[in-house]
Amino acid sequence: MKRNTRGPRAANGYTLIELMLVISLMAITAVLVAPSLAGTIREGRVGSALDQVVSDVAYARMLAVKDGVRTRVDFTAPATYSISRLPASGTPVVVRTVDLTRDYPGLEFDLDAGLTQLEFTSRGLVSNLAGDQIIKVSDESARDSVLVSAAGRVYRPS
């Protein structure tokens, strides 16, 4: 059996001063990182919301091609849109309605002038666009956007 030869102060562990110093350093680091982390979280929320819009626009385009029926995505303020099938009979059938403010409070669309809807033909082309249009989603301080081409493709501007 080995005896403690260093004396009574040789116990394993940390002193209270060492623990307080480590906790203080962690608190200072957290205070310095928190503001930039909040901005990153906001940008992530806006990006996620825009990804959902892009996914639903692609879904509307795919639905038009698959079923051979015109489809339309109608954008309304602040951040709501619906996907409708437009059969030859003339009465639109709403397939899906999405309210982004339910999952992402504070978000809103910032659409190009005149862009309130995208209408896809049975070939997947956008019939109501003369040129490329931009769909923007914004929060208090974060903004992200995508470009919709007349061919019906959705791109992130570089």
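The side chains of Arg156 and Asp144 form a salt bridge, with an N to O distance of 2.7 Å; a salt bridge is defined as a side-chain nitrogen of Lys or Arg within 4 Å of a carboxyl oxygen of Asp or Glu. Arg156 lies in the segment after strand S8 (154-155) and Asp144 in strand S7, so the pair ties together parts that are 12 residues apart in sequence. Salt bridges with shared partners join Asp51, Asp144 and Arg156 into one network. The model is a predicted one, in which local features need pLDDT of at least 70 and side-chain atom pairs count only at pLDDT 80 or more, whereas totals for chains, interfaces and linings use all residues. Residues are numbered from 1 along each chain as its sequence is written, and side-chain values use heavy atoms, with hydrogens and water left out.

Relative accessible area was used to class residues as buried (under 20%), exposed (over 50%) or partly exposed (in between), with a 1.4 Å probe and protein chains only. Arg156 is partly exposed at 41% relative accessibility, and Asp144 is partly exposed at 24%.

In total, the structure holds 9 salt bridges. Among them is that between Arg143 and Asp110 (3.5 Å, N to O). Since Arg143 lies in strand S7 (residues 143-148) and Asp110 in strand S4 (residues 108-111), this pair ties together parts that are 33 residues apart in sequence. Arg143 counts as exposed, at 56% relative accessibility, while Asp110 counts as partly exposed, at 29%. A further salt bridge links Arg72 to Asp74, the closest N and O atoms being 3.1 Å apart; both of these residues are buried.

Strands (E, at least two residues) and helices (H or I, at least four) are DSSP runs, numbered from the N terminus, and two strands pair if DSSP finds at least two bridges between them. Strand S6 (residues 133-138) pairs with S7 in the antiparallel sense over 6 bridges, and Gln133 stands opposite Val148 in S7. The hairpin from S6 to S7 passes through 4 residues. S7 and S8 also run antiparallel, joined by 2 bridges, and Leu147 has Tyr155 in S8 as its bridge partner. The hairpin of S7 and S8 has 5 residues between the strands, and Gly152 takes a positive phi near 90° there.

Val33 is found in helix H1 (residues 16-67) and is partly exposed, at 39% relative accessibility.
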